Amino acid sequence: MLLSPIACFAATPEVIHIEIENTLSGMSEFVTEPMVSAGSVHTVALKSDGTVWAWGYNDGGQLGDGTTTHRNTPVQVTGLADVIAVSAGSVHTVALKSDGTVWAWGSNLSGQLGDGTTTQSNTPVQVADLTDVTAVSAAVSYTVALKSDGTVWAWGLNHMGQLGDGTTTTSRTPVQVTDLTDVTAVSAGEYLTIALKADGTVWAWGSNTNGQLGDGTTAVSRNKPVQVVGLTDVTAVSAGGVHAVALKADGTVWSWGRNNEGQLGDGTTSSNTPTHLVALTDVTAVSAGRYYTVALKADGTIWAWGYNGSGELGDGTTSTSYTPVQVVVDLTDVTAVSAGSQHAVALKADGAVWAWGSNGNGQIGDGTTWNNSTHVQTLGEGGEGFLNLRATAIENPPEGLYTVIFNLNGGNRIGGGEIEQNVPQNGTATTPIVAYSGWVLDRWDISFAPAVDGVVVVTVTAQWLRLGAISTMGVSVSSADVVWLARHVAGHEGFELDAQGERLVDMNGDGVVDSADITALMRWLVGWELGELHGIKN
């Protein structure tokens, strides 16, 4: 903080900007990074307020809205909040909550919901005996989870060893993948699971009929992890139908497995070891679909290759491509992509969702069931407007009486403790409180600006009066205004300070404005005013 030794006078208010978070009760207090996931014939999306939305095929209840009705526009998953990650499988969906628990819904014939039963659920149920999870991935009739200790757990169908526990026994509850630690990412495909370790190596298990394990063999399934040969410095992995793809730290793409539809992108036939996709650089994310692959570049453009019979490459054609083609050129500023079986979905920086490809069950979410070879924007709930994953559930604050609490502990004020007053919305509290060295808190006001992009701005204006007139260089200074701009951004703690337009006044009450007042002003700022704004609550 810089304080000017040049005196400024009462016409220039003192303004302190503090970002206060998690302070407004009755409103969303959670925020996460939005994401999208394309499944076989449905799509799931996570909004920044921690709610989950889904659309498309719903015979198995995989949309989680309590029905089995197909939806061609998004519906909210019932009874689920504080979610930080989602993944769409074939006919089930899985979500990870901020407390490390995992919840799933949809078809459960193979125990892929992990609740110890084989009973379908049209609303989320908790996966049994699983905590401290940091990532999840849903596939065809099975699910994989990564725990904070770097171990991997899986449940559901296991006929090809895709659970990685050394057996081919289906499990209705999570089992630990054998001999695998220090994992940082997991991806479940069609009976194939891929894991990325902290050292940048890649490991795989499950079906290997087309060399999709990348260990140099074919036709031998593995029920324990084997290392993908020749890969290091990997930062992301994705398992598809019968192929897999990896992204290296240098922005290059490597893939292996079946290549009958050009899904490896290198113009070759199938490969049981990783091949380098020379034609593509500066890649930041990859996603493998069933017979095609999608990549996101650092410039926000999307490129795709492989099968295109339903328009899943998004280039305006239905022609299969054995090398990367750009998804229609006006789709830019993309931050995330996900490839499903035959449709793909993208999230833009502004929170908008765009999709293309197969749409027979409404999985694109544009209100139709027509395939689309170019991207269309996903509509909002009930077909109203457009889906925006960065718009939180925060509404304008309700009318009512709020309590503003300043925690003075740790400041330089005599007595410490708390100051608490009730203030009506857009109203004023006027109970004076003696503050410091003759300064009096004369009043404070509280006002709320409308929610914009999920942010409610709360302005608390405190007016301080100095007892007795003070003459400063011929100017009478009778008050000092301090304004807190409390921006409610859900999901974080603490605040940031940006002091602007500081006004040097006679803080120590000696009748002279000089350098000694700088110390007093600093103490005033970091003592009381930087005490914690403990809460603004209804």
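Mentor: Start with R390 and E33, whose side chains meet in a salt bridge at 2.7 Å, N to O. The model is predicted.

Trainee: Why is the contact between R390 and E33 called a salt bridge?
Mentor: The N to O distance is 2.7 Å. The cut-off is within 4 Å, for a nitrogen of Lys or Arg and a carboxyl oxygen of Asp or Glu, so the pair qualifies.

Trainee: Why is E33 called partly exposed?
Mentor: Its relative accessible area is 48%. Exposed needs over 50%, and buried needs under 20%, so E33 falls in between. R390, at 28%, is also partly exposed.

Trainee: How do you know that E190 and R290 form a salt bridge?
Mentor: Their closest N and O atoms are 3.3 Å apart. That is within 4 Å, so the label holds.

Trainee: Which parts does the pair tie together?
Mentor: E190 lies in the loop between strand 14 (183–188) and strand 15 (192–197), R290 in the loop between strand 22 (283–288) and strand 23 (292–297), so the linked parts are 100 residues apart in sequence.

Trainee: What makes D215 buried or exposed?
Mentor: D215 has a relative accessible area of 15%. Buried means under 20%, so D215 is buried. Its salt-bridge partner is R222, at 3.0 Å, N to O. R222 has 26% relative accessibility, so it counts as partly exposed.

Trainee: How many salt bridges does the structure hold?
Mentor: It holds 4.

Definitions and conventions
Residues are numbered from 1 along each chain as its sequence is written. This is a predicted model: local features need pLDDT of at least 70, side-chain atom pairs count only at pLDDT 80 or more; totals for chains, interfaces and linings use all residues. Side-chain values use heavy atoms; hydrogens and water are left out. Buried means under 20% relative accessible area, exposed over 50%, partly exposed in between (1.4 Å probe, protein chains only). Helices (H or I, at least four residues) and strands (E, at least two) are DSSP runs, numbered from the N terminus.
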